[in-house]
Each structure stands twice: as C-alpha cells, then as structure tokens.
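Thanks for coming. I will go through one model this morning, starting with some conventions and then working from one chain to the other.

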Amino acid sequence: MRAQYLTAALCIAILTSESTHCAPLPDLEELLDQQLNQLPTNTQVSTASRIERSSSDSMAVTHVITDKDIRQFNLQSLGDILALFAGIVTRDDSVFTYLSARGIGRPGDFNSRFLFLLDGTRMNENLLDAGILGYENFVDVGLIERVEYSPGASAALYGNNALLGVINIVTKTTSKLGDINIAASTTNDGAKHARITTGFRSSSGSDSWLSLSKTKVDSIAFPVLQVPAEVIKWQHLNKEDSTRVMFSHQTGSLQFQAAGSKRTRSFPDAYTLFQNNTPEIEKVQNEAYFLALTFDDKVSRDIEAYFHISTHGNDLKRSAPRILPNREVIFDRSLNSGRWSNLDGQLVFLGFDSHEFMVGFDFQKDHRQEFSYNAGTPSELDNYLKSNESRYGLYIQDLWRLSPKLKFQWALRHDNSDFSTARWSPSFTLKYQFADNHNLLIRHSRAFRVTNFLERNTNSVFYVPAPDNETLTYSEVSLVQRWTSSFSSFATIYQSNIKNLIHRDIFYPTYFNTPPITSQGLELGVDKRWYNGMSLVANMAFQRSELKGGFDIGNSPKFIGQLRFSVPLGQSGFLLSLHSHAVSERKSFGYTLPKFSSHDASLSWQSTNMLSVALGVRNITNEEILDITDDGFIPYVQRRRQVHLSVNWSWDND
Amino acid sequence: MIKVLFALFLLLSYHHCQAQQGLSENELKAAFLYRFSQFSKWPPPPPEKLSFCVVGNHELYEAVLNLLQDQKMQNNTEVIELPNNEQVKLCDVLFLSQQNRQQTQYWLTELEQHPILIVADTSEGFRQGAMIGLIADTNNLSFRINLTDAKRRGLNFSAHLLKLASEVR
C-alpha cells in the first residue's frame with residue numbers, strides 16, 4: 001500500500017517537475033526586475049573620484065539610495081532621500097530644508113557647505129551657494145535613478161562648497177520611465193502631487209523624455225508650538241504650490257538637459273492679523289531654470305574626455321506685508337536674482353602603466369548677482385547690490401596602483417575668483433586591501449568655502465569687513481568590508497579642523513568668523529540581505545564639534561541612528577518597509593532641543609505590468625520633534641505624523 | 001522497492017534549474033549573458049558554435065557552464081575561462097568580470113576590429129570598450145550599450161535589447 005502511494009507521488013513529481021522546478025529562463029524584462037538578494041560585488045559610483053568607478057575601486061566611502069528605496073519608503077522630496085544617509089540630519093521651517101553632517105549644521109547656512117550635482121552639473125545657486133532640497137528642486141523624486149553621497153571634503157576635485165560632502169543626483173532614462181509614466185500621491189495633511197512623464201527611445205538608441213509635475217500643499221499646519229486659536233483659523237491660507245518641468249535628450253556621447261521650476265509659498269502674516277483682525281498674505285516665490293550640454297566619451301585608446309557647458313538662473317522673491325500708522329497696508333519686497341554659466345572639462349589619461357591620470361578645469365561666470373530690497377515706502381533700508389564674478393579652478397588627480405592590493409591617489413586643485421584670494425586644495429588617499437573584500441582607506445584633504453555674495457555684501461552695507469574664507473582640514477580612516485555575499489559593513493573615524501567658519505551674528509545682521517573648531521566623529525553601518533528578499537540597513541553617527549577652548553558648538557546632535565528594514569510578504573508582491581530614526585538632544589541659542597526617535601512604515605505593492613502602489617505612515621507615534629533652522633530663535637516642529645498614498649503607472653508601446 | 005522509489009523521488013525533486021527567485025549575482029549575470037547572445041547579430045557568416053569566454057570570475061564561468069547545460073546548449077556552445085589574452089580571438093562572447101580600466105585595455109588590445117560581443121560588469125570596462133556594460137546597483141542589474149562601437153565591429157543588436165538598455169551610446 002505504501003509503495004502505491006509512493007508510486008503515485010513519484011508520478012505526480014514527474015508530471016509536475018518540469019513546471020515547478022525547471023522554470024524557464026527568465027526573459028530580459030524579468031531579469032531586469034529580479035532583485036539581488038545578495039550584496040553586489042561592485043556597484044557604480046562617480047561622486048568620490050569625479051569619474052565613474054566601481055565601488056571596489058573607489059577611493060572614498062560613497063553611500064547610495066536607489067529608486068527602489070525611494071519607491072519602497074515612498075519618499076517625497078530630495079530632503080526625504082538625504083535623511084536616509086548615515087550621519088545626515090535634515091530640518092525645515094516649512095519654507096527651506098536645511099542639511100547638516102559631521103557635526104556642522106549652522107542655522108541659516110542654506111546648505112552651502114554641501115556641493116549638489118545633477119547628473120554631474122553643479123546645482124548650488126550663485127548668491128548664497130544654496131542647495132535646494134524641497135519641491136522647488138528641479139528633479140521630481142520619481143525621475144531619480146539614484147542619489148550618491150560622498151561624505152567629507154572633496155575640494156581637491158570639486159572646489160568651492162565641497163566641504164562636508166558631495167551629493168550627486170542621477171536621473172533615469174526611458175528604459176525605467178517607460179513611454180508614459182504617471183504618478184500621483186496624496187497625504188492626510190493636504191499635500192497632492194502629480195507627475196506625467198513621456199519618453200521615447202529611437203531605433204538608434206537616442207533617448208528623450210519630458211516630465212511635468214505639480215505639487216500643491218493646502219492648509220499647512222503652522223510649524224510652531226502653541227499657535228493661538230485666532231491664527232489657526234487662517235491655516236487655509238498657509239499653502240504651497242510648485243510646478244516643475246524637465247527635459248532630457250541623450251544621443252551617443254552627448255546629453256542635453258533643460259529644467260525649470262516655480263514654487264510659491266504663501267502664508268498669512270501674523271503681525272497684520274493682530275493689527276487688522278484679517279491677515280495679509282506673505283509670499284516667497286522661487287523661479288529657476290537651467291540648460292546643460294554634456295559630452296562624455298573615450299576619444300582615443302588612452303584618453304577619456306568629458307566636457308560640460310550649462311547656464312542657470314534663479315530668482316527668489318519675497319513680499320511681506322506691513323501696516324503703516326495710517327492703517328494702510330504696504331508690501332516690502334526683496335529679490336535675490338542670479339544668472340550664471342559653467343564650463344567644465346576633464347581628460348582621463350591611461351598611457352602610464354599603473355596610473356589613472358586626470359586633469360580638469362572648472363569655470364563659472366556669474367553674469368548676475370543681484371539683491372534688492374524695497375520697503376513699500378521710500379526708506380533708508382532700501383538697498384540694491386549687484387556684482388558679477390568669474391571663478392576658476394584647475395585640478396589634477398592620479399590613481400597609482402602600487403600593487404594589486406595597494407593604491408594611492410593624490411589630487412591637487414587651484415582655485416581663484418574675482419572676490420577672493422587664490423587657494424590650493426590637496427588630497428591624499430591610501431587604500432589597502434588587507435583581505436579579499438576588506439579594505440582600509442586613509443584619507444587626508446583640505447577644503448574651503450568662499451565667502452558668498454550674501455555674506456560679503458551684507459557686511460559691506462554695515463561697513464564691516466567681509467569675513468575670511470572658511471578652510472577645513474580633514475583626516476579620516478575608513479574600513480569597508482564585505483564579510484559575505486549577504487553582509488557588509490563600513491566604519492569611518494574622522495577629525496576635521498575648521499578655521500574661520502562663517503557665522504551670522506546673533507544680535508547684528510552681519511557675518512563673522514568663529515574661532516577654530518575641531519570636529520570629531522565616528523560613522524558606521526551594516527547592510528544585511530536574506531535569501532527571501534528581506535534586507536536590513538543600519539547606521540550610526542557619533543559626532544562632536546567644539547570651539548577652541550572646549551565649548552560645544554550648537555545645533556548638532558552627538559548621535560544619529562537609523563534603521564531600515566524591508567520584508568516581502570510571501571509571493572504576494574507586497575513589501576513591508578520600516579524606517580526608524582533617532583537623534584540625540586541638540587543645543588541651539590540657549591534652547592535644548594530634546595532627543596527624539598521617529599518610526600515610519602510603508603506597505604508597497606508592485607505588479608508585473610508596471611503598476612505600483614505604496615501606503616505609509618510617517619512618524620507613527622507622532623513624536624514631537626523640534627529644531628532650530630535659522631537665527632530667529634524659533635524651534636520649528638518637524639515631521640508630524642503623516643499618512644501618505646502613492647500610485648505609479650507606466651505604459652510601454654511594445 | 002520503497003527505498004528505490006524514495007531515492008527516485010529525491011532525485012527528481014533535485015533540480016539544476018533554479019526557480020526565478022533567488023538567483024545569485026553570478027547566475028543572474030550568466031542569464032543576462034545568454035540573453036544578450038540571443039539578441040545580438042554577428043556579421044556573416046554567423047558563428048556555428050558560440051564560444052563564451054569568461055575572464056576574472058571563476059564562479060561566473062561555472063554559472064555560464066551550468067546555464068548552457070540547463071538550456072541544453074552544450075552542442076551549440078562552449079565555455080572557456082581565459083587566464084590571459086592569447087586565445088581571446090577564439091571568443092564570440094567575452095565577459096570581462098571585475099576588470100578596471102587598464103585590465104580592460106589589456107584584454108581589448110588585440111581585438112580592435114574583431115566581431116566579438118564584449119560584456120563587462122564594471123563601468124570602467126564599459127567605458128574602455130565593452131559593447132555592453134552589465135552594471136549592478138544595490139538592488140538590481142541593468143545594462144548599457146555602446147552601439148557605435150558594436151557597429152564598428154560589425155555587430156548589431158535587436159531593437160528590443162536597445163529599448164531595455166538603461167543607456168545607448
């Protein structure tokens with residue numbers, strides 16, 4: 001009897017073995033969709049060395065967030081993406097999102113100590129060197145292929161602003177976006193977002209796409225505590241509206257990109273409300289554009305070439321109501337207007353044995369740097385400042401493979417500009433592979449940030465000399481280890497000495513240099529994958545920055561911790577993702593901002609026909625998070641609990 | 001009798017063909033390589049027996065070998081693991097694995113105009129002359145194509161392959 005059962009089982013096994021066990025080889029689309037349940041041996045990074053390299057050959061630690069992470073955690077803005085990187089803290093005052101890392105997060109610095117790149121094009125604007133992270137950023141997050149973050153000083157390659165880190169946003173192509181891609185999202189607190197992208201890949205391989213996106217946030221909760229009831233009833237006037245358009249065309253070695261964005265942030269003015277019982281509307285409006293053309297190819301057996309030209313514009317207008325003694329309402333208006341062009345070139349030469357040699361130049365012409373302030377009535381406060389500037393940089397880098405296990409890279413850059421003295425920025429990196437997939441990196445570099453238009457001219461209005469340029473010397477040691485095909489770790493210990501950090505005076509609207517600052521820290525993280533698609537990423541940063549004499553500098557937490565965990569729910573196509581974020585207490589302008597931990601959860605579902613849906617809750621416990629972003633001494637409420645829903649649909653004419 | 005049936009059952013339960021879930025990185029690369037060869041067209045006369053050569057990655061060599069066996073392609077294909085570039089001209093498909101810029105140059109020195117489908121899994125290899133760059137990010141593999149270089153060597157790719165590439169140069 002038992003033999004009969006076994007014979008029957010054997011027959012069933014024979015009949016079903018072909019279909020269940022020998023699944024046909026996946027086609028190309030299925031292979032492209034296949035998740036790596038291991039950590040790849042190598043990924044591609046370009047930020048650390050300003051040239052595409054495999055991660056195993058990279059001479060600096062580079063962290064990457066991919067489009068899968070963006071979809072999985074339902075991230076809405078560049079600020080949300082950057083908040084996932086080790087050691088980074090974001091804070092916002094509902095108008096601007098600020099970034100801090102490695103113990104430095106000065107209120108009101110407009111992210112000028114980070115360099116932002118979009119597909120290699122420099123994106124910091126030219127008045128404040130500001131890096132824009134909110135809905136006014138050109139790139140809708142749905143267009144992002146990956147974001148690379150290389151922490152630490154990279155001025156030897158990039159020059160100005162590459163002080164705390166370089167962030168490069170890489171956009172998708174039609175292969176990912178499809179012929180038509182539509183995305184829509186909404187949140188319980190009034191944010192609505194929609195994007196339509198259309199793409200075309202010709203038979204010769206030319207790739208073009210055009211994207212239009214719109215975001216509206218209505219009735220934004222006032223980002224401060226204890227808002228009076230008579231103000232809350234005007235919350236419907238607190239809103240944001242942004243429109244972004246971006247175009248990309250790539251053919252052969254050439255890529256053309258163009259983008260424009262317009263964002264209006266309007267809010268009821270509290271002062272006019274208290275005087276008139278109805279508020280006037282204060283508006284902050286940002287309009288920006290850029291056009292860029294890039295050539296990138298191998299031009300001979302030993303030479304790779306990269307050339308890039310771009311032109312940019314950014315206007316920030318603010319109009320603030322004021323009531324005169326005769327009860328007449330007037331508007332004080334200010335304008336920051338910038339126009340600039342960049343010309344960059346780079347050659348990689350492989351003609352010397354064991355050397356990868358690179359030379360390059362950067363040139364920026366600031367056609368317009370303009371600031372104007374007009375009080376509604378003629379006033380001594382009316383101000384008009386205008387300048388134009390030329391900035392140059394020449395750099396050289398050599399990667400020397402001393403042996404299969406030992407590499408040495410040095411770089412040197414010379415910068416000069418019309419309003420600043422010449423500067424040299426060197427960098428030295430030694431990489432030793434002490435075991436298979438275990439690398440030790442020792443790095444020493446110097447970086448700078450030039451006093452920007454705002455800092456220079458604000459001081460001149462008050463007859464105060466402009467502050468000196470900031471300089472920073474970095475020393476760091478990193479261990480990058482891939483223990484198994486499913487577990488890797490990194491650890492970086494660093495010390496930086498900062499001279500002349502530029503800071504705005506608390507009591508007077510001018511800028512000054514602080515005494516020397518020493519910043520020390522440890523960043524570490526692990527990445528673990530499981531065979532069933534489960535993954536865990538955890539990282540921690542311990543940091544301390546103090547002024548000479550032993551005083552802590554404020555606004556910077558001593559501990560930042562993050563945990564990201566994802567698990568597929570069976571074979572259903574559902575993926576559950578959890579993200580926890582913990583930050584220790586911060587001190588700023590006499591306030592002690594309490595430590596916090598917030599937790600996000602997201603459930604995403606992807607079908608094979610390019611439809612995906614994500615539903616999530618941010619800050620599940622509605623933890624009260626406070627941060628100070630500027631010198632207004634006001635703690636702003638961050639990341640209130642939010643329920644969000646996103647749908648993404650692609651269509652391909654195949 | 002029971003023991004024999006049980007042994008047969010176990011034998012049938014064991015399978016070489018992996019289900020679609022859970023391919024290792026090298027198995028995935030081998031699958032891509034096989035698909036690339038199907039969507040590529042060699043100049044006439046087309047090779048009668050495709051020679052797949054693998055450089056720098058023994059596990060990938062084994063994965064390609066196993067995959068071609070699973071696809072019952074042993075008679076139409078061969079797989080060679082190359083220690084140096086002496087036999088590189090015998091290849092129809094050459095996979096350069098984990099090679100940096102200068103290592104790639106070494107392998108390509110003798111292949112100026114040869115119609116060999118060269119695939120690399122590093123961005124350096126792709127930039128230095130591979131026609132297909134099969135590059136990993138932290139979650140997936142994707143591929144880039146250098147169509148200009150492929151055409152110069154007399155190779156061509158199907159429109160489907162060009163459509164799915166993340167970048168075509």
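Predicted model: local features only at pLDDT ≥ 70, side-chain atom pairs only at ≥ 80, totals over all residues.

Residues are numbered from 1 along each chain as its sequence is written, and chains are lettered from A and ligands numbered from 1 in the order in which they are written.

Chain B, then, and its helix H3. Just after H3(B), B:Lys72 takes a positive phi of about 55°. The helix itself covers residues 58-70, and its end C-alpha atoms are 18 Å apart. That agrees with the 18 Å that 13 residues should span at 1.5 Å a residue, the expected span being 1.5 Å times one less than the number of residues.

Which residues of H3(B) are buried? They are B:Leu60, B:Tyr61, B:Ala63, B:Val64, B:Leu67 and B:Leu68. Buried means 20 or more other C-beta atoms within 10 Å of a residue's own, exposed means 12 or fewer, and partly exposed is in between, with C-beta atoms placed from the backbone. Seen down the axis of H3(B), the buried residues fall within an arc of 165°, so they line one face of the helix; the arc is that of the directions from the helix axis to the C-beta atoms. As a reminder, an α-helix has 3.6 residues a turn, so residues three or four places apart point the same way. The cover over that buried set includes helix H2 (25-38) and strands S2 (50-55), S3 (77-81) and S4 (93-96) of chain B. Contact is counted when two C-beta atoms, placed from the backbone, lie within 7 Å.

Now chain A. Its secondary structure comes to nine helices and 38 strands. The radius of gyration of chain A is 26 Å, close to the 26 Å from the globule rule for 654 residues, so chain A is as compact as a globular protein of that length. The radius is taken over C-alpha atoms, and the rule is 2.2 Å times the number of residues to the power 0.38. The C-alpha trace spans about 105 × 65 × 55 Å along its principal axes, and 45% of the residues of chain A count as buried.

Next, one sheet in chain A. Five strands form an open, mixed sheet in the order S3-S8-S9-S6-S7. Its edge strands, S3 (63-66) and S7 (121-122), each pair on one side only; pairing requires at least two DSSP bridges between two strands. S3(A) runs antiparallel to S8 (residues 144-151), over four bridges, and A:Ile65 has A:Val147 in S8(A) as its bridge partner.

Further along chain A, S23(A) and S24 (residues 487-499) are antiparallel over 13 bridges, and a hairpin joins them through two residues. In that pair A:Leu472 is bridged to A:Ile498 of S24(A). S24(A) is also joined by 12 bridges to S27 (residues 517-529), again antiparallel, with A:Phe490 opposite A:Gly525 in S27(A).

Last, the loop between helix H9 (453-461) and strand S23 (470-484) of chain A, where A:Pro465 is found. Is A:Pro465 buried or exposed? With 10 C-beta neighbours inside 10 Å, A:Pro465 counts as exposed. Its C-alpha atom is separated by 9.5 Å from that of A:Thr510, 45 residues apart along the chain.
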